[in-house]
Amino acid sequence: MTRDAHVVSSTPAPSRWWAENAGLVFDLSSYAMFAVATLIAVATFRDYGITWDESWHHTYGNYILEWFRTGFRDRSALSYRGDYLYGGAFDALAALFARLVPLPWFEAVHLFGALVGVLGLVAVWRLGRVLAGPAAGFAATALLAATSVYHGHTFNNPKDVPFAVGYTFAIAELVEVVRSFPVVSRGRWVRLGLACGAAMSVRIGGMLVLCYLLAAVVGFTAWVFVTTRNQDLAEGVFVRLFRGFLGVWALGWAVMLAFWPWAQLDPVRRPFFALGRMTRFNLHTRKMPFGDEEIATYAVPWDYLPRYFLFKLPEVLLLLAAMGAVFGVRAMVRRWKARRGGADLVAAGCVLLAIAFPPVWAVVVRSNLYDGLRHFLFLVPMLAGVGGVAVVALARRLQAAAQVPPVALAAVFVAWCGREVVVMADLHPHEYVYFNRIAGGLPGVLERYDTDYYGNGYREAFDRLRDELWRTDPEGVLSRRYRVGGCIPRFVAEEYLRSVLVWRERNDKRPLDFFLGYQRNKCFQRHRHRPIFTQVERQGAPIVLVRDMRRVRPKAPGERKDAGANRPAPRPSIRPAPQKPGRAGKGPSQPAGPVSGRPKAGAGRAPGGAGRAGAGEGAVGVSPRP
Amino acid sequence: MGSAVPETSPLEEAHRALSAAQGILLVEGASPREAARYLERARALAEQAGLSPLPPPPPEADAAALAAHARALAVGIERARATPQVRGSRRRRRLRRVGAFLAWTSPIWAYALLTPFSWREGPWRSEFFPTKSFEGESKVRRHSDIVFKWKKAAPFKSFPEDGFSARFDTCLVLDEPAEPVFRLSSDDGSRLFVDGLLVVDNWGSHSVRVRSQSIALDPGVHHLRVEYFEHTGPAEIELDASFDGDRPRAIPARLLRYPGNEPDPEDPCRAVREDP
């Protein structure tokens, strides 16, 4: 994170060719990584489910397009839920993309989100590169690409990932600008303005980057004054830089407003109003597990965010980010003592501020928090960027101190990233439920921390239910439909149902056949007296449980007959039994509960049990041939 | 990685230091000492980058003299930056550009490589009629799958919400004998013909109802036709098929061919048969 880091060391180079071409090799390797990430995105985007926020944001995106298409007459976007408080750049562009490509709506939006996620890799590469050159850019890209929580969110998170991408680009541009203080080319100011606007056009919190820029201007002016004791010079520098800051603000503001109809009607006051609302965000109030206790979203303990960052990021990323921060602080102290490199000192300060300020602020003001670190996902690329710098600095130090060849460290680094990629493949397509080994992996946090808070697991749960039905009751599948319920909105569920399953209407008094529960709001603990028909699981831990509502599970010894979801014990836990080490099964799951009453395949009787009619009774003829 | 890597060239650093010096000198009342320090750093870096020795800034020079010195230094540095031999070979620059181009265009070619043709052009020819007796001015579309849930809406704005019909045609191409099970679910009536033979009969006015039937098929091209009508209330239709004992799902697009915009009424799959 220092300019010193760029200067070629005096230690002998391994070879002239490497010395001349290393930068090119790292850059081309980074490009190759972008291409591979794109391939993976295009090959896998259909696997991901629809998350809570997506439907709202995509409706909002359509309203924004209608706002423009109707010449500002369709005013739906001005009052749509709480979404009007968000800039709608991603939503509107995603809606436009979905209209252009011949794919089902949500699949198109998932593809678009995934491509924006790849842009996030480009952003972190740029950040690492401006901080410490092509090697750091490559390392930062690899670190982020191997971070499950980022990759998993890119496909179906319509606000946190796009914001993270804009924020990272903006910080990279900010570092470029600050390091060229006091003479900044117009092109750099413009790029910073565009990046700030991109961040703010997703979440108004992107205004933070403008605050960092202002802090950098003030900080550099102070540096000039302290080192020269020349007040006129300091004033001149401040005026010059402040002018640039105003230009960045104006350009960023214009970009932000482009896709934000509600703010367009009062461009000066409304963005600040939205900022005020967002800092006191209280639209979601509910209970959630946190360690051994149950907490409310509006009264989270101070260690909520730190603990989630500690548990949800790969250990290698945590370690390298911490080292990068230490290296950065040490370099800043060195520069301060030597009274040189003021611009670099301020730039490093900006990066550390961009990482530390948001979570510290959230802790201090006790913000409403939920869904783990989802709202602070924008810090993950920043940590990867700093981690990339740490890799380069570490390689240099190890070589200088212990003659450890850089290639050895590179091998360890690649192996560590490769291990994380294997874990991601194991979790696919639920990468965001990842917990590291400090937390004990997914089984270690079951019922203790939020895992599938976004409902991504439902798609696979419906698939598994259909597979299991076909395996156990093929005649029923060919002749009727099964009524299902769960903890997701009907319009989301209908995207998964096809004709074998039908969502039970709220006013439908007929009983359910199956209930699908995930972990949010303890949904998977409902109907515990019903046996588990099938489940979605990873690493041996369930993500979504499908309960067979047609049967009653035999009671466990000492269990009350009416043991409900919120009653105290005794109850059977869904926590998996301790497993042998090794990769947990991801294939067709076995029912975790007793299923003794399940009908046999091809038994030739109504599968609803007890002679109950299905939602759509029908006839099946399996043998006659025309 | 590490010390062997020239992450940012000394020339670029020199340019940066020079810019800083010039910036300080631009400000009225600038400190010549600070500017001179930057100039010295720029000069040293330029030398490190392989430029011929440049004269150091004159000692105790005032702002004007330093500015003149900076201009002279700038000429050398800018010329060097523009020269490929100093910045890096032309081949390296070209490689970098090609790599960047491939990376930036990767979404396009990844999409082209990995997207099955079925996503772009569906193999089903769908013809919609504004009456429930397959009459009136029809609209023809292509679809990849027969799964429609109109609920209480009409398929097109110009169509009625109730009392419309549709006919779906495609050609099933089999390389070996198969005995698929077709599953037809609809509200209201629907029926499936294979080579003109009624296989699944789900006809009549009713709420969602499921009918299934298996049929033995020889290798070759088979015409599939689904007819559907909506009488009143919600409207939906879905066709699934089970091949090789798998659970019923949409018929794989790799087995289907589009019969053409104007298929032969006598043999709708003639074009596919003649040009497989």
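Begin by colouring chain A by pLDDT: its mean is 84, and 85% of the residues reach 70 or more.

Next, select the two domains of chain A. Domain 1 covers 3-9 + 53-266 + 290-433, while domain 2 covers 457-548. Their centres, taken over C-alpha atoms, are 38 Å apart. Where the domains touch, domain 1 gives 6 residues and domain 2 gives 8 residues. On the domain 1 side, you will find 3 nonpolar, 2 polar and 1 charged.

Now pick residues 160-179 of chain A, which form helix H7. From first C-alpha to last, these 20 residues reach 28 Å, close to the 28 Å expected. Is helix H7 of chain A enclosed or open? Because 20 of its 20 residues are buried, helix H7 of chain A is largely enclosed by the rest of the structure.

Move over to chain B and select B:Pro123, in the loop between helix H7 (117-120) and strand E1 (124-129). B:Pro123 counts as buried because it has 25 C-beta neighbours inside 10 Å.

Last, return to chain A and select residues 562-572, where pLDDT stays under 50. Over residues 578-626 of chain A, pLDDT is also below 50. Where pLDDT is low, the predicted coordinates should not be read in detail.

Key
Residues are numbered from 1 along each chain as its sequence is written. Chains are lettered from A and ligands numbered from 1 in the order in which they are written. This is a predicted model: local features need pLDDT of at least 70, side-chain atom pairs count only at pLDDT 80 or more; totals for chains, interfaces and linings use all residues. Helices (H or I, at least four residues) and strands (E, at least two) are DSSP runs, numbered from the N terminus. The expected span of a helix is 1.5 Å times one less than its number of residues. A residue is buried if 20 or more other C-beta atoms lie within 10 Å of its own, exposed if 12 or fewer, and partly exposed in between; C-beta atoms are placed from the backbone. pLDDT is the predictor's confidence in each residue, from 0 to 100. Two residues are in contact if their C-beta atoms, placed from the backbone, lie within 7 Å. Domain bounds come from an automatic or database domain assignment. Ala, Val, Leu, Ile, Met, Phe, Trp, Tyr, Cys and Pro count as nonpolar, Asp, Glu, Lys and Arg as charged, and the others, Gly among them, as polar.
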